[in-house]
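Let's take a friendly look at how this protein is put together. Keep the picture beside you and try to find each part as you read.

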2 protein chains.
Amino acid sequence: MSLLLRQCKYVISPLSLHEIAVYGERDILIENGVIECFAKHCDAPRGIDIIDCREFIAMPALGNAHTHAAMVALRGYADDYELFEWLERVWQAEKLLSRDVVYFATLIGCIEMAMSGIGAFQDMYFFPDEVVRAALKIGLRVRTGPIVGIDNLDMKRWKALESSSNGMFNTVINLHSLYGVDMDLIEKAFELSKTHSIDIHMHISETRREVFEVKRRFGKLPIEFLESRGWLSPRLIAVHLNWVTTWELDYIARAKVRVVVNPTSGAKLAVGGFAPLREMLERGIDVGLGTDGACSSNRLSILREMRMLVLLYRHNYWDTWIRASHALYIATRGSYGVMKIRGGVIEPGAVGDIVLIDLKTPWLYPTTPTRLVSHIVYALEQSNIRYTIVNGRVVWSPETSENLVKLFLEATKHIDRYIDKIEELREDVRKGEARSFTIPKPRGEQDCPQAG
Amino acid sequence: MSLLLRQCKYVISPLSLHEIAVYGERDILIENGVIECFAKHCDAPRGIDIIDCREFIAMPALGNAHTHAAMVALRGYADDYELFEWLERVWQAEKLLSRDVVYFATLIGCIEMAMSGIGAFQDMYFFPDEVVRAALKIGLRVRTGPIVGIDNLDMKRWKALESSSNGMFNTVINLHSLYGVDMDLIEKAFELSKTHSIDIHMHISETRREVFEVKRRFGKLPIEFLESRGWLSPRLIAVHLNWVTTWELDYIARAKVRVVVNPTSGAKLAVGGFAPLREMLERGIDVGLGTDGACSSNRLSILREMRMLVLLYRHNYWDTWIRASHALYIATRGSYGVMKIRGGVIEPGAVGDIVLIDLKTPWLYPTTPTRLVSHIVYALEQSNIRYTIVNGRVVWSPETSENLVKLFLEATKHIDRYIDKIEELREDVRKGEARSFTIPKPRGEQDCPQAG
């Protein structure tokens, strides 16, 4: 948990939404999981591990403020449906989930995240204690907890798990949505949240259909409805908001609700709307970035979400107001802030969650300091991330690589049967109607026009 | 130029826009740059190089049908401007270009493309003979040629270069746009194109401002104007078309004009429009995919463009009609078709341009055959591409990696002075007004609040 990053070529640290600092040649000393010294030279306590960073950029680890990590098992499973048709198929496949499958699938998701520079994530899925177990096994910070309507809401049990996690796990109450949960349970969730001061993590205003259904049922838009019940507060984390109105944003800003946007997921599911990022930021709303599950966005990569955030914003607004620096801030300090972790920044007192980036690849040329933030947001590959450090511990590096790959391959063995079972549920595959691929049966060469 | 790919675990080959074949366990034999055998077993001529492909997916190399490869030197240079303000800054920087800078910058661009699975590209830039030289040095197929208004239009010289290139280079006439070139030169270009049967490669209807300017000047929309002059033909390659109308698409379809779309570039430059992909495909128009230059999209990666194509389509159309299979077809067979190269498909007679993909990474799990096309489009990283083979020759692989990195680092030395010079032109940097980054001056720790 203690580590010296010696002579980082550059250190990139978001100071504010509009200002990213780029320092040259700095040491970073992490002790007991926290940055203790950030300076031209930090004294190394005897026996501490040292990484020579002369060829690396150091920057804060990325935060994935909304995901369903175990859904890597459903990656590529239901690519071509809009949300409600998609949910039908996903829920059918999820009926066959076991505790084991969730643990090992989350493990694979965590390996993917560690390799992609993510230090902390916020998760909503079945068997949430298995999600915690997998995250701690890999060494990532995690926020998750019981799903309202499915899991026991005994908060003491979760608080106990928290206190045995050395600060790496925090509880949230996972409330699927206004349309997916009974009202008496929703009421109970908000009561519990208030009593125990625990955050609620909830999908809101994701699709126009949701907004329409809520409006028809309650006579109000989703955020209007939550406001009318007194449920907007700094304890609410509102995920998506693709179809939120500006007057709802005023409610959100006033109540200090935190927000997570998921650009790839929304585009892939053809939701049509786009979280009104500029209006959010101008109101001072705290915004973090999420990948959503791998069945929606197909990848647990915040690198990709940063880029998508800028591109979708610009495409929607017809202007270039948003910059790489905004995306980098939102992906680091924004996401960590939404998860109430003091991170996303390189300064004494912040958590020791840092990624080291190798600059020496053609696609990061030219490496003038003025272009580094641009390169990180628009050009970086996962493979440029050479070290992911969380809580002062190396969770991914060339040295740990072999171990993680072994762990990954081992984990797949526990999921393969589940994969086979859900494959049989796919009606496109079953009916041979899949338009997107065809698998010619093995035949003799003479029968097969494609085989020479 | 001869190579046996033995026992590929899967071979993925686009049969049509709506059908991608996934074959299990196949050999691919390339002789003299062309696929000679594709079957369960191909006999290996004595002494031929063999790659053991039991762990790999083989698929056609990607085609980058529109780029300005040397603009890697301007990567991250003018990220935050819309097209006309962007052009101002780019043209200013390009005034300082030399023949040498273009050669070495193109070399870096070609290395990036080779590492990203691109086998062929179509380029528009200054010193086009240097572009050809760099492409052939790395081993990529290239289509480029004189820029109308800048270069000598002596077609015999270009045809001679062509015939000495062993089929790896083909000439196009590079016509910047209707708004950027004098009308008498535009007329001359279309005459030459007809006389010599040479394609014209041209930006058309990229921004609403261009469409507006053309309409004001000529009383017609860009494609309407070209049609009225009789300039639409199978020899025209129309790039962008973000603001094209459906009746212009009818003209395009009738005249068999070929089209290249560049989704990331358009979004990043906030052009607002989006090439109406569905209407193009439904009219049977041949569509290829391009990265544009690295000063617009920041990366020469068709992998990224495939994903963006689906995501931007879905975001625009509010439906999931487009699938991974469409994007894969357009990126391979589509782009190769636009460039008039018989490729983008695995079958005897097609060019030996193939990439080998390593499946064993967490982000490509699960690897059921039904999900492979999805993974390639939505989940693949550059690092999954283990071999790029062009014309039967390995241009990128773990074995050639060290050489290419050396070549890249060597090339940067020839460009660094140019980079310094154009850096001084940046008014955001010069005035210290850059909002997106700040570079604290090296100071003693006690002065610097960020340094611990």
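## A sheet in chain B

In this predicted model, β6(B) runs parallel to strand β7 (residues 118-123) of chain B, and four bridges join the two. You can pick out a pair of partners here: B:N64 has B:F121 in β7(B) as its bridge partner.

Now zoom out. These strands belong to an open sheet of eight strands with parallel pairing, in the order β6-β7-β8-β9-β10-β11-β12-β13 (chain B). Which strands stand at the edges? They are β6 (62-67) and β13 (287-289) of chain B; each has a single partner strand, so one side of each is left without a neighbour in the sheet. From one strand to the next, the twist averages 25 degrees.

## A helix across the strands

Helix α3 (residues 128-138) of chain B lies across β7, β8 (141-144) and β9 (169-175) of chain B. Its direction makes an angle of about 175 degrees with β8(B).

## The largest pocket

Next, look for open space. The largest pocket has a volume of about 710 Å³. It is lined by 27 residues, and the closest to its centre are A:S383, B:Q382, B:S383, B:R386 and B:W396. At least two lining residues each come from β15 (385-390) of chain A, β15 (385-390) of chain B and α14 (401-423) of chain B. The lining holds eleven nonpolar, ten polar and six charged residues.

## The second largest pocket

The second largest pocket has a volume of about 520 Å³. Of its 27 lining residues, A:L87, A:W91, A:E94, A:F126 and A:H176 are the closest to the centre. Helix α1 (residues 83-94) of chain A gives the largest share of this lining, six residues. Here the lining divides into 16 nonpolar, seven polar and four charged residues.

Notes
Residues are numbered from 1 along each chain as its sequence is written. Chains are lettered from A and ligands numbered from 1 in the order in which they are written. This is a predicted model: local features need pLDDT of at least 70, side-chain atom pairs count only at pLDDT 80 or more; totals for chains, interfaces and linings use all residues. Side-chain values use heavy atoms; hydrogens and water are left out. On a 1 Å grid over the protein atoms alone, a cavity is a set of points where a 1.4 Å probe fits but cannot get out, and a pocket is an open set with protein on both sides within 12 Å along at least five of seven lines; lining residues have an atom within 4 Å of a point. Grid points are joined across faces, edges and corners, and a volume is the space filled by probe spheres set on the points. Ala, Val, Leu, Ile, Met, Phe, Trp, Tyr, Cys and Pro count as nonpolar, Asp, Glu, Lys and Arg as charged, and the others, Gly among them, as polar. Two strands pair if DSSP finds at least two bridges between them. Axes are lines fitted to C-alpha atoms, for helices over the stretch in contact, and angles run from 0 to 180 degrees between N-to-C directions. Contact means heavy atoms within 4.5 Å.
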